[in-house]
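Please read the following points beside the sequence and the structure.

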Amino acid sequence: MMRENELSFGKRPKNPLNKRVWRDIARDWKRYLMIFLMLVVTIGFISGMYVANNSMMHSLDGGVEKFNRESGHFELSAKADAGMIAAIESGETADVVAVFRERAYEEAEKEVEDAVRKAVEEKVREQVKEEVISGATKAVEAQFDAAAELGLEVSAEERKAAIDAAIDEAMSGYFEQAVSSALESAYLSADYTSALDEAMTKAREEIDRKIDEEYAELTERYDLDKETAPVPVKLCELFYKDVEEKPPSDAGYKGTVRVYSERSRFDLYDILDGRAPENENEIMIDRMHADNVGIKVGDSLRVARTDFTVVGLAAFVDYTTLYENNTDTMFDALTFNVAMTTDEGYKRISGAEHINYAFIYDNKPADVYAEKELADNFLKVLITQTAVSEKKTEIKDYVPAYANHAITFAPNDMGSDESMGGVLLYILVIVLAFIFAVTANAALEKEASVIGTLRASGYTKGELVRYYMSAPVIVVTLAAIVGNVLGYTLMKYVVISMYYNSYSLPTYETLWTPDAFVNTTVIPVILMIVINLVVIIRTLRLSPLQFLRHDLKKTRRKKAVRLPKWKFFARFRMRVFIQNIPNYIMMFVGISFVMILLSMAVGMPETLKYYQNSVSDMMFAEDQVILISNEDDDGNTITTETEGAERFSVYSLMHRTDNFDEEVSVYGIDRESAYIALDDAYYENTAGTGHPELYVSKAFAEKYGINAGDLISLSEKYENREYTFSVYGIYDYSAGIAAFMSLDRFNKVFDKDDGYFSGYMSDTPITDIDEKYIAKEITSEDMLKLTKQLDHSMGAYMTYFQYVCVIVAAIIMYLLTKIIIEKNERSISMVKILGYNNKEIALLYMVTTAAVVFITEFAALYIGYAVMGIVWKIILMKLGGWFPFVIPAQGFVKEYLLVFAAYLIISIADFIRIKRIPKVLALKNAE
Amino acid sequence: MSENERKFLEVRGLKKSFGSGETRQDVLRGLDFTVGKGEFCVLLGPSGSGKSTLLNILGGIDGADDGEIYINGDKLAEMDEKSLTRYRRKHLGYVFQMYNLIPNLNVKENIETGAYLSDAPLDIDELLKTLGLYEHRHKLPNQLSGGQQQRVSIGRAIVKNPDILLCDEPTGALDYTTSKEILRLIGEVNARYGNTIIMVTHNEAIRHMADHVIKLRDGKIRHDDINTEKITADELEW
């Protein structure tokens, strides 16, 4: 019966399903192309960001050594002498108590000795005088007695005159001699020594008591009793002058330039264009600021009242971000500049000099924690060494590098950009993976009979899983490769130019970045594989028979969902909705994702605009002038004739959290103030022995979640001293992190005399106070620094970003509606046969999706706004200052319309697709 | 034929029901039969008689509640899912009423999907000629008629030269002439390649071309006959 020997056998062919993979991709090329492009652009951009960041970070890290970047800097009120510099460089904490005690002893010793000597001398003189008088008297009386014996009678007057004359003679003759010889022996006597010792002991006891009393507080304040290891450093003078700059070409522009003399040891620079100054007429300025203002090499620049020629544009290693003051809310590359001249050029510039020293630790800290500890210890060195210096010297500023925004802001920002980009990429990949998975599931449903047959014929689940996984893996891998290539080439420049547009960065070299590869290639591919694998395996676990019977639901459909007695069209649409719930869930996720991005793209410029428009309303006074001292050089109180000007007090304290130390301006307010009105009840409530009560500004309360009744701790900037306040209420002031209290309480808390004040505030500009007495002036321009810089750095990109969001939304909706229509192709074909026209069919199948998009958008709007609110808070938590994330009504409308416009475009494509479905499709064999 | 060959497929006490409680429906109520090696066996019966269920159980894609099935001495119930897949891969070919071809693979490639499963598949070109599809080998399924598509599906099933070819109403969707063509082809395959064929049909006429006819009704075997007067497919009339 068997005739196998007559049969001819062939070779086992390669898996024909492999051929099919490419045909599947070709057949569905539009879908795959969309996904491919979306991934390429995202992966390209993110990988470009990683590459740019990594290369730039490497360059910045390298710059620390290469350009001898400071470990920190401090400003003193006067130039330090060699002794003080040597003491600071030694890194040893000065024993303030011992030095002060020694000085007091020395002073006391002299005083006591003088006092004792004086007392002894007085006594000796008295004794000698008595002796001299009695000696002279005795001698004269002896002479008169002898004369009487001889019978010479002398009257009492004559006798007295003779005695007086003898005393006078004795006193002028040998009295001083007698006194000095008596003193000589007195000083040598044991009595004298013991008296002196006794007096000294008493004096020392008094000094000790006083010092112990006063310096117990000092010890606590500076944490002096804790043993700390020495922090040896090298110091370098980096004196500078903050003066006005003015390019002659731009009449309206006025900025501040911080000019340093030639830097040769610390904090060097990378020249991006031109060269360093070589003579007294040349200047090199910051490249970023030059770009912003439009200054080029060869231009002239007026600095204070002196003209210079710009010969170079550079990135200074200690100013990668142009922060004028470390306490500023935001950097300002628009009106703040950093420059360097030759030493001679520096002398030509008139203006107050800041006695600034940069330091570098001899022993480099291993990490940021070690650096913080070193910085804390070094501050102690600084405080104690300035305290014990012969000359009275104050520390005006101390900024360790790790806390210096001018140094840390750019790398931190790049770091957070990178992690945010990474998160966005993963979310997008997950959304796309789910779209892939939904697509794969639709394909599995469509091909159920084939799968059943193949499984029945002996194809293993693994073989089929591999096959259905192939297309997504190929597309993602190709996208990852192309994306990476783009990242290293085109996109890198996009990102770098974004950073160069905000920061003063040095030149860099493109580096191979394993992180970029892992995060943009390995992880998305793995995510894609895992999500698809889970979905496909879940379906392919079903038995071949279930596939053959098209029975693919995990749980058997019990009954059709009962619908109310709606009209036919409504019920039909409801059925379409129920059938496509997984697709609509994906659509919801996708649209929510887009809305989050769109909230940022629309909300950020809107928020900045809102803040810019309302900041002057937010400020309690248009102008605030803070004085260096409230007395002028002649000791008279500084006054102003400005209308409406009133005195106020302000003191800066720090609000410290684990992540960020924020400066808080604590205001002391007069009860009669026209600018800040606190409750009468607050002023009257003087009782209470607990913590002093104050108001906190709305911005402060919102940023840190502070409520009335809470206790808050604020600490001194450079001292280990903390104040605890009880929050009386929230004061409606959104333009700054501030707190308000009555003048009385202010003076009491900060130990100020009655009548103390720190400055004037007024709604009219205060112009009649000599600038040399002004420490700081706050106008609405200062409050706008943050928004202006944010707007400059991000504003332009946000508009592009809005378009990107619309495209992403359109692609996601395209992919999902395509699945819905494909799934229903046969039914659509069938209703066509029944006689429905295309418009009616569109009403049946497309209105459902339109309704879902319509409703989903509302939910997504809320989600986007809520998520961005949180993201905004996270961003501002790392910056000084606070203003809430705002989207005005028209912003929401814009977001809504943008996404709906994307849907409308897609719905046209869908309508065409429905129109193209042939009637014969329903009549054809299922496969 | 040896005893082993005579009992190439042995079914004992096979029972199968669906549902439980009041909705329980006994589909197979204890079947006993054997099929010899190389036999062309037809399972006849009206709708709901359990013939397709029986075929699915024999094919290892559905399980029995009770009873035993031995194929070439191997007990089917003792096989786990992996072994069952291997068993189908090595020993079984399937032909369904619907052809279930892969739409974007051409005729030859569809047959290759079967050939891939075997270590020693039949020569595909020769098989294509046997199936009368050689000139159509580059066409996609949607360019073929129903009969041609069914031929491709038969080709896909037998290219791996299976021991058993299971056919579930292979002519159910075809017209009279095409049905006869397909039946002729199945007869030829049986004769040429010597595979055991078990074919489910409700077409009584087909019994005449089979070696062995098992007739089911209500889940029970009503007739189990050996046909000694086999005729060719061409001679069939209905």
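1. A residue is called buried when its relative accessible area is under 20%, exposed when that area is over 50%, and partly exposed in between, using a 1.4 Å probe and protein chains only. H550(A) has a relative accessible area of 42%, so this residue is partly exposed. H550(A) sits in the loop between α14 (544–548) and α15 (568–579) of chain A; helices (H or I, at least four residues) and strands (E, at least two) are DSSP runs, numbered from the N terminus.

2. The model is predicted: local features need pLDDT of at least 70, side-chain atom pairs count only at pLDDT 80 or more, and totals for chains, interfaces and linings use all residues. Residues are numbered from 1 along each chain as its sequence is written, chains are lettered from A and ligands numbered from 1 in the order in which they are written, and side-chain values use heavy atoms, with hydrogens and water left out.

3. Two backbone angles deserve attention. Most residues other than glycine have a negative phi. H550(A), which is not a glycine, has a positive phi near 55°. N161(B), also not a glycine, has a positive phi of about 50°. N161(B) belongs to the loop between α6 and β7 (164–168) of chain B, and it counts as buried because its relative accessible area is 14%.

4. How many residues does each chain bring to the contact between chain B and chain A? Chain B gives 42 residues and chain A gives 38 residues, where contact means heavy atoms within 4.5 Å. The area buried between the two chains is about 3700 Å², with 53% of it from carbon and sulfur atoms. Buried area is the accessible area (1.4 Å probe) that two parts lose on being put together, summed over both. On the side of chain B, N100(B), N104(B) and Y116(B) lose the most area to chain A, together 18% of what that side buries.

5. The interface of chain B and chain A holds six salt bridges, a salt bridge being a side-chain nitrogen of Lys or Arg within 4 Å of a carboxyl oxygen of Asp or Glu. One salt bridge joins the side chains of E81(B) and R455(A), at 3.3 Å from N to O. The elements that give two or more residues to the side of chain B touching chain A are α3 (81–91), β6 (92–95), α4 (107–115) and α7 (176–193) of chain B.

6. Q148(B) lies in helix α6 (residues 146–158) of chain B. Its relative accessible area is 17%, so Q148(B) is buried. The side chains of Q148(B) and H136(B) are joined by a polar contact of 3.1 Å. A polar contact is a pair of N or O atoms within 3.5 Å; within protein, one must be able to donate a hydrogen and the other to accept it, and residues adjacent in sequence count only if both atoms are side-chain atoms. The side chain of Q148(B) also reaches the backbone nitrogen of S145(B) at 2.8 Å.

7. A search of the whole structure finds zero disulfides over all chains; a disulfide is a pair of cysteine sulfur atoms within 2.5 Å. Among the cysteines, C236(A) is buried because its relative accessibility is 8%, and C167(B) is buried at a relative accessible area of 0%.
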